[in-house]
Amino acid sequence: MFTALEDIEVRQGLLQRIEEARQQTDRLFDLVRADSLYERPIAERHRIIFYLGHLEAFDWNLLQPRLANVRVFDGEFDRLFAFGIDPVGGGLPSDQPSDWPARSQVEKYRNRVRTTLDAALAATNELPQTLLHVAIEHRLMHAETLAYMLHQLPFDRKREDSQVQASPSVPLRAAMVDVPGGNATLGIAHGEHGCFGWDNEFEAVVIHVPHFAIDRYKVTNGEYLKFVDAGGYRERSLWTQEAWDWKSQEGIEAPVFWSKTGSGWRYRGMFEEIPIAIDGPVYVSHAEASAYAAWVGKRLPTEAEWHRAAYGTCEGTERQFPWGSGQPEPRHGYFDGARWDPSPVNAFPSGASAFGVEGLLTNGWEWTATPFGPFPGFQPFPFYEGYSQNFFDGLHFVLKGGSPRTERCMLRRSFRNWFQPHYQKVYAGFRCASR
């Protein structure tokens, strides 16, 4: 248990983190040119203007009912901006820009929400800290998914932003790593001191993982290019029926981050088109990753296998991070929004796991073969019941790791990401496994 003084200090730190997260998302919206805020860069998602209101509406709808003497002032906006979308079965939103309020109205709503919540939060110590963690991480998740959206926005509709220089490439010796059988602890236990987790991270479960082999590095653009050139997108036997139908209907013949030129392929970076980095990770959908794995006679790792390769040791203990117990540092990889575009897959040997697997928490999330589902003992958050269980539908798959746009708080071992198998726009790569 925290002492009274420790509790106050922790709460003040959380309020400071809320403000820092706001500044981060504000900077993202500032990248969008004024005439492009009503664009929809990704067909499956809302227009950008929605997210300008959603981040505050979420905080308001979460916190306002639990704060004394804080009254609703715009119920219509509270409802309009309450929930994002993740359409399945081919249904896409059809709203028009004129269906949304003016930017000035949305910004007025945002500012009033912030002012009202800040005053109320400063005046009380009664609000559960879990709710503040939820508000912070929800916003930081959107900071990353907003990056996915802005990446798909045409170059002339956004302002260029800086990024740290990518680590230099070194000779790449691709290989598979043998991982001996052993236990993998997924999730976290209720009651762990000072440990926040989303509902799908509970309860901790120990799974015995038999011996397997896994790629030392993420699959590179260069490796995936061989699959493309060999006609992998036209080979029916490599794809499930659902994946084949999706690919055929959408006319997909390469990763969404690649663009065809007269002489081959180029990479669509955040702010410019550049030559494909042969040693950089390929970003693809789960369906594309699975087809490639089948082409090379391998498969995607399960969530438990990924955990074993990342956190396990030959001695049977498990690490907090792949490299050990030390907190993430730049030598382990780019995160906290340090870069927009990926780096070579072997750029961070200091981040290797005990088995020598590299780049696990950086350079892109990693698809697993595991459908997103609950751990034994799962209980939905009573204040956000649909956060996880609405997606326990067999139509989403678990991703592990992190990307250059992922905040370090979500690099914790138990964190689970998930997306539909046909979604190409996420910063997600993969590595193959075999037995």
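**Calling things by their names**

Modeller: Let's start with Arg114: leaving out residues up to four places away in sequence, Arg114 touches Arg22, Asp26, Glu56 and Arg139. Keep in mind that this is a predicted model.

Colleague: What makes Arg114 and Glu56 a contact?

Modeller: Contact means heavy atoms within 4.5 Å, and Glu56 is among the residues that Arg114 touches.

Colleague: Why is Arg114 called buried?

Modeller: The relative accessible area of Arg114 is 13%. Buried means under 20%, so Arg114, at 13%, counts as buried. Arg114 is found in helix α4, residues 103–122.

Colleague: And where does Phe375 lie relative to Arg114?

Modeller: The two are 261 residues apart in sequence, and their C-alpha atoms are 35 Å apart in space.

Colleague: Why is Gln152 called buried?

Modeller: Its relative accessible area is 13%. The cut-off is under 20%, so Gln152 is buried. Gln152 sits in helix α5, and beyond its neighbours within four places in sequence it contacts Pro41, Ile42, Val256, Phe257, Arg268 and Lys425.

Colleague: What makes a group of residues a nonpolar core?

Modeller: The members must be buried, come from a set of residue types that includes Phe, Trp and Tyr, and be joined through side-chain atoms within 4.5 Å. The largest such core here has 96 residues, and Trp198, Tyr224, Trp239, Trp258, Trp367 and Phe430 touch the most other members. Helix α5, residues 129–152, gives the most to this core, with 13 residues. Apart from it lies another core of 23 residues, including Leu186, Trp323, Phe355 and Phe375. In soluble globular proteins, nonpolar side chains tend to be buried together.

Colleague: How many residues of the whole protein count as buried?

Modeller: Of the 435 residues, 55% do.

Colleague: Now the overall fold: how many helices and strands are there?

Modeller: The protein has ten helices and twelve strands. The radius of gyration is 22 Å, close to the 22 Å that the globule rule gives for 435 residues, so the protein is as compact as a globular protein of that length. Along the principal axes, the C-alpha atoms fill a box of roughly 65 × 55 × 40 Å.

Colleague: Which share of the contacts with a separation of 6 or more joins residues 24 or more positions apart?

Modeller: That share is 80%.

Colleague: And what about the charges?

Modeller: There are 45 positive and 55 negative side chains, and the centres of the two sets lie 2 Å apart.

Definitions and conventions:
Residues numbered from 1 in each chain as written. Predicted model: local features only at pLDDT ≥ 70, side-chain atom pairs only at ≥ 80, totals over all residues. Heavy atoms only, no water. Helix = DSSP H or I, 4+ residues; strand = E, 2+ residues; numbered from the N terminus. Rg over C-alpha atoms; globule rule 2.2 N^0.38 Å. Buried < 20%, exposed > 50% of the residue type's maximum accessible area, 1.4 Å probe, protein only. Lys, Arg positive; Asp, Glu negative; His and termini not counted. Charge placed at Lys NZ, Arg CZ, Asp CG, Glu CD.
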